[in-house]
Amino acid sequence: MTDTLSPTSAEDVLAAVRDALAQESPLEIVGGGTKRGWGRSVKSNRVLDLSRLSGVTLYEPEELVLSAKAGTKLAEIKALLAEHKQMLAFEPPEFAPVYGGPAGRQTLGGIIACNLAGPRRIKAGAARDHFLGFRAVSGRGEPYKAGGRVMKNVTGYDLPKLLCGSFGTLAVMTDITLKVLPAPEKARTVLILGLDDARACEAMAAALNSPHDVSGAAHLPRAVAARSGVNYVHGAGHAVTALRVEGFGPSVEARCQALRALLKRFGPSEELHTMNSGALWREIRDVAPLLPDGPGESAGRDLWRLSVPPAEGAVAVTAMRNRTDTDHYFDWGGGLVWLAVAGTAAAEATSLIRGAVALRGGHATLIRASPATREIVPAFHPVSNAEAAIAERMKDAFDPKSILNPGRMD
Amino acid sequence: MRMPAPDERVLARRAEIAAALRAIVPGEGVIDTEEGRRPFECDGLTAYRQLPMLVVLPETTAQVSEILKYCKREGIKVVPRGAGTSLSGGALPLADGVLLGVAKFNRILEIDYANRCAVVQPGVTNLAITQAVEHEGFYYAPDPSSQIACTIGGNVAENSGGVHCLKYGLTANNVLGVELVMMDGAIIRLGGKHLDAPGYDLLGLVIGSEGMLGVVTEVTVRLLKKPATARAVLLGFPSNEAAGDTVGAIIAAGVIPGGMEMMDKPAIHAAEDFIHAGYPRDVEALLIVELDGPAVEVDDLVARVEAIARGKGATVVQVSQSDEERLRFWAGRKAAFPAVGRISPDYYCMDGTIPRRRLPEVLTKTAALSAKYGLRVANVFHAGDGNLHPLILYDANNPGELERAEAFGAEILKLCVEVGGVLTGEHGVGVEKRDLMPAMFDEVDLAQQERVKCVFDPDSLLNPGKVFPTLHRCAELGRVHVHGGQTRFADLPRF
Ligand SMILES: Cc1cc2nc3c(=O)[nH]c(=O)nc-3n(C[C@H](O)[C@H](O)[C@H](O)COP(=O)(O)OP(=O)(O)OC[C@H]3O[C@@H](n4cnc5c(N)ncnc54)[C@H](O)[C@@H]3O)c2cc1C
């Protein structure tokens, strides 16, 4: 029987963790529970559900700062920011549909714990770059805080960085403070059609090496572009390379023009305006083109996320060329490859993918797979022995009895 | 300043230790004469001085690893050092410690435009990176005022910032990877040319860790393309409030300037006397707002900023008409520290960050403290991100004046914490703010940070005596207290 605890205050969280510690009975920490399919499943019969620890506690638009309880819905935060023409610049993806769940249930805590980021990562950074401070309960059953609420702070170690991407294995965050930024007035996307992967990566590099401040650079091969919900993209009949320009109105227009002139040698270009541009980047952000959208269709494929030096993106995927039933697309100017592969022969696929990535300096994360595959393939790219030893001691420093999400990152 | 008591047994073995280090770093890499060690006795916080037992200047990562392995085995403390410009005493030597300088690690190893990054050794200066790539139109964004001298390794250790950090981020947001040698000699690589490495974000943790977790032997930095144009607007105001309000209004209008700096009257006068940048002398506060991007954008934003400033009562509004003029506007601000250095025998630079809207209150209270301590103060301010640099003027030759300056500074920093800010925005805790840490963190907070230190350096041999007000043994910190009988647990809401 699973006991699901639903604390509504930081004190409740403390009590739950202390009891878990006293009983040495591990807790599975969940926010919206949308990303439980990521990493090893946690073996515990107690769930600490933070979704009722909710609410924005501080928002000062002029100071670019927002604090909220960890279980606050991301959707609520985004709506509040939008009212003030602000945003979370790291563009957190909606990941629930990746695991077959409904959109809209992600919590802020989950986004931070997984260090998520969308296409704007290349310009604005990931969740880690916007995470200013927190309050948490460690696996030692102690409430503590780190960081602060101001933009610049080097007082003590940067524990927010350490917690960001720790998948709930070090501490249970109860309060989170973030840096927020003004939302762009306008966004447009320049499209180039028909490039192969290698040529597309060159085009993206040319765009990113220009002063035109590109805030998204993605390439969808033909089969993937055909799955886009944006009419112009799915009807193109070609691979689509997309470059986003955001900012103040006149600036966006000028930069789009300059970018199109710069990229002339790659072929003719088109422009997507606000609505279509927004829809396309949401799809790219949320891995929508690689998700099954109907019964039978590519269902059961494993989903990988490869992070590589951007100039190596195209080369890294050629390693997969001989395998059938794979699809991929690029984001982050080639530095991020989303790859869907058949769920069969997972071990072999894993060594192929991780081998190709390791050669070029980077890492491959298994984002979604069948339960059987998740048991045999570690979701996270293996690290060096020295680094693994640090990680183990770090876990011990925060959670010596291993009561918080044990095994999740193994 | 209380530092860990020197270990007599180590001091007694000085000659033997020098010989052992010479076996690792041959030639002139080990310095043991007093005159040779003298230049290393302090960093930018010159009030604290201590001759190191020995200085070693390795040239390879393998040597660094051997040195640390040896020192760990023999229980010898090590203090890493870059250019020694730290303003918090982060590189202050220890009497029984080896000072490990990275000055000889001064090569740029690779410039990779295709991946928009450069791989450099830690002793390369901040400015040298930009100089190596600017002919291609690239630059390295964080630009501390000390950029001619300070090293990228020191920047990593302090998570240094600069006037362009509001828009482009601090060191932490611009470093992609490091090679790190830990106290046990193990060499690890964190990050690389790709983003967001697997596992815990140890790269993020190491940046800003003040040389206490490992010695950085290589750094991969992100390169950015220079914006097409940049213009600066010089704004003068009759009050600090009006200047502060203008900053808030600019950000509320959705504008994040490339840089937004504020100076108060004493700072304006000192800078103007020194640099002749053309600053108005009859204003209470000066703002320099830099807008960068394509020309159409910059023109548009300059107009918006001008309108906002006039609406808030700016009495001086000057827009740079050439790059020379823009640089002249900046020259005064960038030389503010030395400018203040000219009007006082000594100055003491503080570095708190506050929620920006509390600025008028903090400045008023600082002025009151200035009267109380009988010491003048000039304020420069990274206004966009709330990072305040009060410069306290004093004369160390007057008995008691240094102590007064320190007490004054401590009160300012506590005030910063009281209004919701922090002790240090970019200069680090070091020895200087070590004993103030309890103003911001309780014992549990600090113990958790110390446990992180123990993960990397369980014997506390690497740069000990910095950051933490009290040193605990790692074994003692490891103990778990189980809080039994949680009655509250039974009452928790369940589904
Ligand atoms: C005039 C002046 C202006 C300044 N302006 C700014 C500014 O605008 N913004 C800002 O942020 N700072 C500023 N500073 C502070 C200082 O320049 C920075 O903190 C700088 O990053 C220190 O670099 P450094 O090479 O001099 O390091 P050092 O002073 O030698 O060392 C600083 C710390 O880093 C550690 N360290 C150095 N190298 C390594 C390494 N390779 N591995 C591990 N640890 C290492 C040391 O142990 C020490 O704790 C200024 C200083 C001065 C004197």
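Modeller: Two residues count as in contact when heavy atoms of one lie within 4.5 Å of heavy atoms of the other. The model is a predicted one. The helix to look at is α12 of chain B, residues 295-311.

Start with its partner from the other chain. Helix α9 of chain A, residues 249-262, packs on α12(B) with the axes 8 Å apart. The angle between them is about 170°. Angles over 145 degrees count as roughly antiparallel, so α9(A) is roughly antiparallel to α12(B). From α9(A) come P250(A), S251(A), A254(A) and R255(A). They meet V296(B), E297(B) and D300(B) of α12(B). By class, this contact has 3 nonpolar, 1 polar and 3 charged residues.

Now the partner within chain B. Helix α10(B), residues 240-252, comes within 9 Å of α12(B), axis to axis. The axes cross at roughly 140°. That value makes α10(B) oblique to α12(B). The crossing is right-handed. On the α10(B) side, the residues are T246(B), A249(B) and I250(B). On the α12(B) side, they are V305(B), I308(B) and A309(B). The residues of this contact divide into 5 nonpolar, 1 polar and no charged.

Towards α9(A), α12(B) presents V296(B), E297(B) and D300(B). Towards α10(B), it presents V305(B), I308(B) and A309(B).

Next, the wider setting. The contact of α9(A) with α12(B) joins residues of chain A and chain B. Across the two chains, 98 residues of chain B are in contact with 92 residues of chain A. Together the chains bury about 8100 Å² between them. Of that area, 60% is on carbon and sulfur atoms.

Charged pairs also cross this interface. Side chains of opposite charge can pair when their charged atoms come close. The interface of chain B and chain A holds 8 salt bridges. In one salt bridge between the chains, D196(B) meets R121(A) at 2.8 Å, N to O. Over all chains the count comes to 63. Another salt bridge, within chain A, pairs E312(A) with R360(A) at 3.6 Å. That pair links distant parts of the chain, 48 residues apart. E312(A) sits in the loop between β15 and α11 of chain A, and R360(A) in helix α12 of chain A, residues 346-360.

For a further helix pair in chain B, take α15(B), residues 359-373, and α16(B), residues 401-418. Their axes are 10 Å apart, at an angle of about 160°. These helices are therefore roughly antiparallel to each other. α15(B) passes α16(B) in a right-handed crossing. Among the residues in contact are L369(B) and Y373(B) of α15(B), and F408(B) and L415(B) of α16(B). By class, the contact has 7 nonpolar, 2 polar and 4 charged residues.

Notes:
Residues are numbered from 1 along each chain as its sequence is written. Chains are lettered from A and ligands numbered from 1 in the order in which they are written. This is a predicted model: local features need pLDDT of at least 70, side-chain atom pairs count only at pLDDT 80 or more; totals for chains, interfaces and linings use all residues. Side-chain values use heavy atoms; hydrogens and water are left out. Axes are lines fitted to C-alpha atoms, for helices over the stretch in contact, and angles run from 0 to 180 degrees between N-to-C directions. Helices (H or I, at least four residues) and strands (E, at least two) are DSSP runs, numbered from the N terminus. Angles under 35 degrees count as roughly parallel, over 145 as roughly antiparallel, 65 to 115 as roughly perpendicular and the rest as oblique. A crossing is left-handed if the near helix is turned anticlockwise from the far one by less than a right angle, and right-handed if clockwise. Ala, Val, Leu, Ile, Met, Phe, Trp, Tyr, Cys and Pro count as nonpolar, Asp, Glu, Lys and Arg as charged, and the others, Gly among them, as polar. Buried area is the accessible area (1.4 Å probe) that two parts lose on being put together, summed over both. A salt bridge is a side-chain nitrogen of Lys or Arg within 4 Å of a carboxyl oxygen of Asp or Glu.
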